[in-house]
Amino acid sequence: MKRSEINALITWAKDFLAQSNVRLPQLAYWSPSDLKSRASQLDAVRQLELGWDITDFGSGNFNQIGAVLYTVRNGLVDDPSVGVPYCEKYIVMKDGQHLPNHYHVFKSEDIINRAGGDLFVQLWNADKTTGKMLDTDVHVRMDGIEHIVRPGEEIIVRKGESISLTPYIAHVLGPKPCTGDCIIGEVSKVNDDHTDNFFLDPIARFADIEEDEAPLHLLCNEYAKFEI
């Protein structure tokens, strides 16, 4: 992805969040120079990879497969002294986008439709040995109410509603086409994007960036690159 594209997407996401009365922490609005001036305060930010996260998952087609994410708070799986014992994210997606099919082994998560259009979700049970999708019913709770769905069946999560995903439930999700852009909340166990994302097809979790202009804000995996 080009840096100019990433800058434009962050600007779009900030505007959409503001229009939806969502304000991010002050870190989200700091420039690279702001980060450098506060580097001594940011040990936990670096370790926990808090901040902006924009990816097309290596698809080369962000408008179809991709998302703008912001990690508000997190912890470390192997060191409870750092951060908090849970994770919170915002996932901001355009109408027509979806996340690639994936599951987690450690993380349980609530996916919450915070604002915008309807959210569609498709689920499969993943085999705990092979990781392959199974042709078996999926048991899932939505706001505490148990549902049983067929593999790949479309579920609609409307504004204010949520769905709880446990380990080995593979999932695809995104704004329901033609219902509008969507702000999705994620509240989960501690999140480690490097070790606990298992994708059904090969992907690149973090985007390679072509530096065609200066960064507006740094991404959460770039602090070392820019010597923050």
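## Overall architecture

A contact here means heavy atoms within 4.5 Å, and, among the contacts in the protein with a separation of 6 or more, 74% are between residues 24 or more positions apart. This is a predicted model, in which local features need pLDDT of at least 70 and side-chain atom pairs count only at pLDDT 80 or more, while totals for chains, interfaces and linings use all residues. Residues are numbered from 1 along each chain as its sequence is written, and side-chain values use heavy atoms, with hydrogens and water left out.

The secondary structure comes to 3 helices and 14 strands, where helices (H or I, at least four residues) and strands (E, at least two) are DSSP runs numbered from the N terminus. The radius of gyration of the protein is 17 Å, close to the 17 Å that the globule rule gives for 228 residues, so the protein is as compact as a globular protein of that length; the radius is taken over C-alpha atoms, and the rule is 2.2 Å times the number of residues to the power 0.38. Along its principal axes the C-alpha trace spans about 50 × 40 × 30 Å.

## Surface and charge

Of the 228 residues in the protein, 49% are buried, a class that means under 20% relative accessible area, with exposed meaning over 50% and partly exposed in between (1.4 Å probe, protein chains only). The protein exposes about 10800 Å², of which carbon and sulfur atoms supply 49%, with areas from the Shrake-Rupley method and a 1.4 Å probe. The mean positions of the 22 positive and 35 negative charges are 3 Å apart, counting Lys and Arg as positive and Asp and Glu as negative, without His and the chain ends, and placing each charge at NZ of Lys, CZ of Arg, CG of Asp or CD of Glu.

## Strand 2 and its partners

Strand 2 (residues 67–76) is largely enclosed by the rest of the structure, because 8 of its 10 residues are buried. Strand 1 (residues 51–55) runs antiparallel to strand 2 and is joined to it by 5 bridges, two strands being paired if DSSP finds at least two bridges between them; within this pairing, Thr 55 has Ala 67 as its bridge partner.

Strand 2 also pairs in the antiparallel sense with strand 3 (residues 79–93), over 7 bridges, and Tyr 70 stands opposite Tyr 90 in strand 3. Strands 2 and 3 form a hairpin, with 2 residues between them.

Strand 10 (residues 154–157) has Ile 155 and Val 157 on a covered face, and Glu 154 and Ile 156 on an uncovered one. Strand 10 pairs in the antiparallel sense with strand 6 (residues 119–126) over 4 bridges, and Gln 122 stands opposite Glu 154.

Ile 111, in strand 5 (residues 109–116), counts as buried at 1% relative accessibility. Not counting residues up to four places away in sequence, Ile 111 touches several residues, including Leu 119, Ile 163, Leu 173 and Ile 184.

## Positive phi in two loops

Most residues other than glycine have a negative phi. Asn 21, although not a glycine, has a positive phi of about 60°; Asn 21 is placed in the loop between helix 1 (3–19) and helix 2 (32–37) and counts as exposed at 75% relative accessibility. Cys 178 likewise has a positive phi, near 75°, and lies in the loop between strand 12 (169–175) and strand 13 (182–188), where Cys 178 is exposed with a relative accessible area of 78%.
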